[in-house]
Amino acid sequence: MTTLKSKLQDDLNVAIKERDELRSSTLRLTLAAITKEEVAGKEKRVLSDDEVQKVIAREAKKRREAADAFAQGGRAEQAEREKAEGEVLATYLPQPLSDEQLQEIVAQAVEEAKAAGAEGPRAMGAVMKIVNPKVAGQAEGGRVAAAVKKLLAG
């Protein structure tokens, strides 16, 4: 078992003992998503910490989107619950990049792409290939794409 998955399991056991319903249900759902990912495909496999982190990030994103949907639908109580679940999951993710840090990484990637011969809006794909591994789990794809477009257009 990976270290991150075992940490989730240990934290789930603690949450159950402390009768922390929010934390235990959130961790149960996340561990179920990890297990589902492990058995998906033709062969069962053990996920690496990076893959587990991607699953947690996906689950956190689902919570944010659900909270927004509930808030727009006038169901504030359920929106609060989804936000709280998202906060529980956020403790297992790396700290998100600030706008300044993201701009710096994107600027370096644009320079690398220009050095490789890619320029203008067509360089978007080349720049994204450079940026994505550097910001994995620390910035959402839409935010990264917007920063890249802004720099390439300017």
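The axes of helix 1 (3–17) and helix 2 (21–39) come within 9 Å and cross at roughly 150°, an axis being a line fitted to C-alpha atoms, for helices over the stretch in contact, with angles running from 0 to 180 degrees between N-to-C directions. The model is predicted, so local features need pLDDT of at least 70 and side-chain atom pairs count only at pLDDT 80 or more, whereas totals for chains, interfaces and linings use all residues. Residues are numbered from 1 along each chain as its sequence is written, and side-chain values use heavy atoms, with hydrogens and water left out.

Helices are DSSP runs (H or I, at least four residues), numbered from the N terminus. Helix 1 and helix 2 are therefore roughly antiparallel, a term for angles over 145 degrees; those under 35 count as roughly parallel, 65 to 115 as roughly perpendicular and the rest as oblique. The contact (heavy atoms within 4.5 Å) involves residues including Leu8, Leu12 and Ile16 of helix 1 and Leu27, Leu31 and Ile34 of helix 2.

Helix 2 also packs with helix 3 (residues 49–72), as the table sets out.

| Helix pair | Axes come within | Crossing angle |
|---|---|---|
| Helix 1 and helix 2 | 9 Å | roughly 150° |
| Helix 2 and helix 3 | 10 Å | roughly 130° |

Arg19 lies in the loop between helix 1 and helix 2. Its relative accessible area of 75% makes Arg19 exposed; exposed means over 50%, buried under 20% and partly exposed in between (1.4 Å probe, protein chains only). Although Arg19 is not a glycine, its phi is positive, at about 55°. Most residues other than glycine have a negative phi.

Glu85, in helix 4 (residues 76–90), counts as buried at 6% relative accessibility. Apart from its neighbours within four places in sequence, Glu85 is in contact with Leu22, Ser25, Thr26 and Arg63.

Helix 7 (residues 141–153) has 13 residues and should span 18 Å at 1.5 Å a residue, which agrees with the 18 Å between its end C-alpha atoms; the expected span is 1.5 Å times one less than the number of residues. Val144, Ala145, Ala147, Val148 and Leu152 of helix 7 are buried. Seen down the axis, the buried residues of helix 7 fall within an arc of 160°, so they line one face, the arc being that of the directions from the helix axis to the C-beta atoms. On the other side of helix 7, Gly142, Lys149, Lys150 and Ala153 are exposed.

Definitions and conventions:
Helix = DSSP H or I, 4+ residues; strand = E, 2+ residues; numbered from the N terminus.
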